[in-house]
Amino acid sequence: MKRVLTFIAVLVLSCLLLNSQEDFFTAKRKSKITDKTKINFDFTKMNYNISSSLMFDMLVEPEKFANKTAKIRGQFHSEVFEGKRTFAILIWDATGCCPSGITVLPLEKANYPEDFPDSGYYTTITGTLELHNFTGEEMLYLVAEKWE
């Protein structure tokens with residue numbers, strides 16, 4: 001009987017976690033950045049080589065960057081992925097062939113499309129880098145808290 005109850009508890013917990021991942025891109029988030037917040041990674045002051053190297057490091061060791069702040073200027077992109085609207089900010093190299101970028105998560109008050117730039121528009125986003133488990137692995141995302 002104890003095994004059955006444990007199995008049911010694990011099953012219910014798994015279902016709750018899977019359901020929360022389904023709403024991953026539309027989850028309600030609150031702003032953590034104020035006017036006094038220190039920006040840990042200001043990509044607007046980096047050249048492409050440095051920014052793309054830092055983006056690669058974020059892919060390899062995302063836990064080192066979690067809960068840090070970043071400011072990124074780049075091309076805003078939006079598309080539908082597995083039935084969910086997704087957002088990204090891309091930084092292009094000088095030849096326009098090789099972008100680096102990061103997935104952007106909106107705050108709770110953001111509504112698409114009225115609160116977002118048009119896809120392809122260049123914008124600056126400041127936010128907090130957060131780790132989330134999506135598609136089975138921990139990945140780093142930028143929670144967009146300030147748009148310029």
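Reader: Which residues have the most contacts inside the largest nonpolar core?
Author: Phe43, Met58, Ile72 and Leu129, in a core of 20 residues. A nonpolar core here is a set of buried Ala, Val, Leu, Ile, Met, Phe, Trp, Tyr and Cys residues joined through side-chain atoms within 4.5 Å. Buried means under 20% relative accessible area, exposed over 50%, and partly exposed in between, with a 1.4 Å probe and protein chains only.

Reader: Which elements each supply at least two residues of this core?
Author: Helix α2 (48–60) does, and so do the strands β2 (69–81), β3 (84–91), β4 (100–105), β5 (122–134) and β6 (137–147). Helices (H or I, at least four residues) and strands (E, at least two) are DSSP runs, numbered from the N terminus.

Reader: Is this an experimental structure or a predicted one?
Author: This is a predicted model, where local features need pLDDT of at least 70, side-chain atom pairs count only at pLDDT 80 or more, and totals for chains, interfaces and linings use all residues. Residues are numbered from 1 along each chain as its sequence is written, and side-chain values use heavy atoms, with hydrogens and water left out.

Reader: Back to Phe43. What is it in contact with, leaving aside neighbours within four places in sequence?
Author: Ser51, Leu54, Met55, Met58, Ala70, Lys71, Ile72 and Ile91. Contact means heavy atoms within 4.5 Å.

Reader: Ser51, then. Buried or exposed?
Author: Buried, at 1% relative accessibility. Ser51 sits in helix α2. With neighbours within four places set aside, Ser51 is in contact with Phe43, Met46 and Ile91.

Reader: Which backbone oxygen does the Ser51 side chain reach?
Author: That of Tyr48, at 3.1 Å. This is judged as a polar contact: a pair of N or O atoms within 3.5 Å, where within protein one must be able to donate a hydrogen and the other to accept it, and residues adjacent in sequence count only if both atoms are side-chain atoms.

Reader: Different topic. Where is Leu59, and is it buried or exposed?
Author: Leu59 is in helix α2 and is exposed, with a relative accessible area of 66%.

Reader: And Thr103, which strand?
Author: Strand β4. Thr103 is partly exposed, at 25% relative accessible area. Its C-alpha atom is 5.8 Å from that of Phe87, 16 residues apart along the chain.

Reader: How many helices and strands in the protein chain?
Author: 2 helices and 6 strands, in the order α-β-α-β-β-β-β-β along the sequence. Of the 148 residues, 35% are buried.
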